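Subject: Structure handover and notes

Hello,

Here is the structure I said I would pass on. My notes on what was found follow below it.

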Amino acid sequence: MNRNLRAIKWFLKSYLDYDRPVYGSFKVTHRCNMQCPFCNVWKDRTPDLPTKDIFKIIDRLAESTVTVLSLEGGEPTLRKDILEIVKYAHDRSFYLFMTTNGTLLHKLPLEEFAKYLDFLHVSIDEGHNNLYLFDELKKYTPKIKITVQTVVTKNDVKAMRWKVEKAYEAGARILLMPAVALPGAINMSPDKKEIHDELEKLKKEFGSTIVTSQAFIDSLVNHYTCKSFSVMIEANGDIVYPCSVIGWKVGNLLESKLEDILLSEEAKKAREAMYRCRRECMLYLHAETSQFNNIFNLGKYALSTIAGYMRR
């Protein structure tokens, strides 16, 4: 199905029925060449699936309302078949990107990846200990569209400005998101009011260069309820739902279709748990997509994305 038609399908089904996912976060590996303190993925030794099983999971996602697909990890470029996976996902018509820590960019055929990815997410921040990549962005942005993904901890709220400036100068966009207290990871969450005020100033100054939406920024200081518009797929095909903070396994995409999993009693219980949750932890994957429940917010986000990449 064409990705635009799939997006319309998601919109209609979610508003007429239960909250279906539009965004899929697929951890194609848990292996990583880093051990970031605010992350818990590298601590899990789940083995990689063979390529054919990765393809089956992608096919099942393509049958669903998932329209935006993020291939991530761990570090996805540690998989020798990652370009093959990217090509396969592209042919299944997603808005597609891959999230990497960027330390292996110099070894990747970026022009080849650019044929299939809408953009490349490069995680750069103090936790990854790879701030030097901000100075190297200009080498890569002529080859592929890049969005920098920066986790903001309680120690580096004031450092957001120079990071935004570096991304702007390099012709990249930047997503700034607060660290979240994930199970098994060190709590590095920043003060919500402090990061809100700084993001407000930067958003007004740099506009669509900053991916973080105004609706998300507002939710840092206002109450909000998460919607299950996103779904996380583990490296073994498990669906952890409704989110990685309060969620649990509700099924596996190698065994069942996503729609069947999400209609199960376990998934219904998980959605109810999300609606009752009052943590407001700002887990970006859900806190951002939950704002799409408002068509005005969804429209502004889409227009900002278009404007951001037309600037290149």
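A disulfide is counted here when a pair of cysteine sulfur atoms lies within 2.5 Å. By that rule, the structure holds 0 disulfides. Cysteine 243 is in no disulfide, and the nearest cysteine sulfur to it, that of cysteine 281, is 6.1 Å away. For burial, the terms are buried for under 20% relative accessible area, exposed for over 50%, and partly exposed in between, with a 1.4 Å probe and protein chains only. Cysteine 243 counts as buried because its relative accessibility is 9%, while cysteine 281, at 26%, counts as partly exposed.

Before the rest, a note on the source. This is a predicted model, in which local features need pLDDT of at least 70 and side-chain atom pairs count only at pLDDT 80 or more, while totals for chains, interfaces and linings use all residues. Residues are numbered from 1 along each chain as its sequence is written, and side-chain values use heavy atoms, with hydrogens and water left out.

The chain as a whole

The protein chain has 12 helices and 9 strands. These are DSSP runs numbered from the N terminus, with helices (H or I) of at least four residues and strands (E) of at least two. The radius of gyration of the protein chain is 18 Å, which agrees with the value near 20 Å that a compact globule of 312 residues would have. That radius is taken over C-alpha atoms, and the globule rule is 2.2 Å times the number of residues to the power 0.38. Along the principal axes, the C-alpha atoms fill a box of roughly 45 × 45 × 40 Å.

Of the 312 residues in the protein chain, 57% are buried. The accessible surface comes to about 13,500 Å², and carbon and sulfur atoms account for 54% of it. Areas come from the Shrake-Rupley method with a 1.4 Å probe, and for residues only the protein chains shown count as cover.

A contact means heavy atoms within 4.5 Å. Among contacts in the protein chain between residues at least 6 apart in sequence, 75% join residues at least 24 apart.

The protein chain carries 45 positive and 39 negative charges, and their mean positions are 1 Å apart. Lys and Arg count as positive and Asp and Glu as negative, leaving out His and the chain ends. Each charge is placed at NZ of Lys, CZ of Arg, CG of Asp or CD of Glu.

Individual residues

Alanine 89 lies in helix H3, residues 82-91. Alanine 89 is buried, with a relative accessible area of 0%. Not counting residues up to four places away in sequence, alanine 89 touches Ile58, Leu69, Phe94 and Leu96. Isoleucine 58 is 31 residues from alanine 89 along the chain, and their C-alpha atoms are separated by 6.4 Å.

Leucine 105 is in the loop between E3 and helix H4 (110-114). At 2% relative accessibility, leucine 105 counts as buried. Its contacts, leaving aside neighbours within four places in sequence, are Thr100, Leu110, Leu120, Val122 and Tyr140.

Asparagine 236 sits in the loop between strand E7 (230-233) and strand E8 (238-241). With 26% relative accessibility, asparagine 236 counts as partly exposed. Apart from neighbours within four places in sequence, asparagine 236 is in contact with Thr46, Leu49, Asn252 and Leu254.

Backbone points to check on screen

The peptide bond from glycine 73 to glycine 74 is cis, with omega near 20°. Glycine 74 lies in the loop between strand E2 (68-72) and H3. Another cis peptide bond joins tyrosine 241 and proline 242, with omega about 5°. Proline 242 is in the loop between E8 and strand E9 (248-252).

Serine 93 is not a glycine but has a positive phi of about 65°. Serine 93 lies in the loop between H3 and strand E3 (95-100). Asparagine 129, also not a glycine, has a positive phi of about 55°. Asparagine 129 is in the loop between strand E4 (119-123) and helix H5 (137-140), and at 66% relative accessibility it counts as exposed.

Regards
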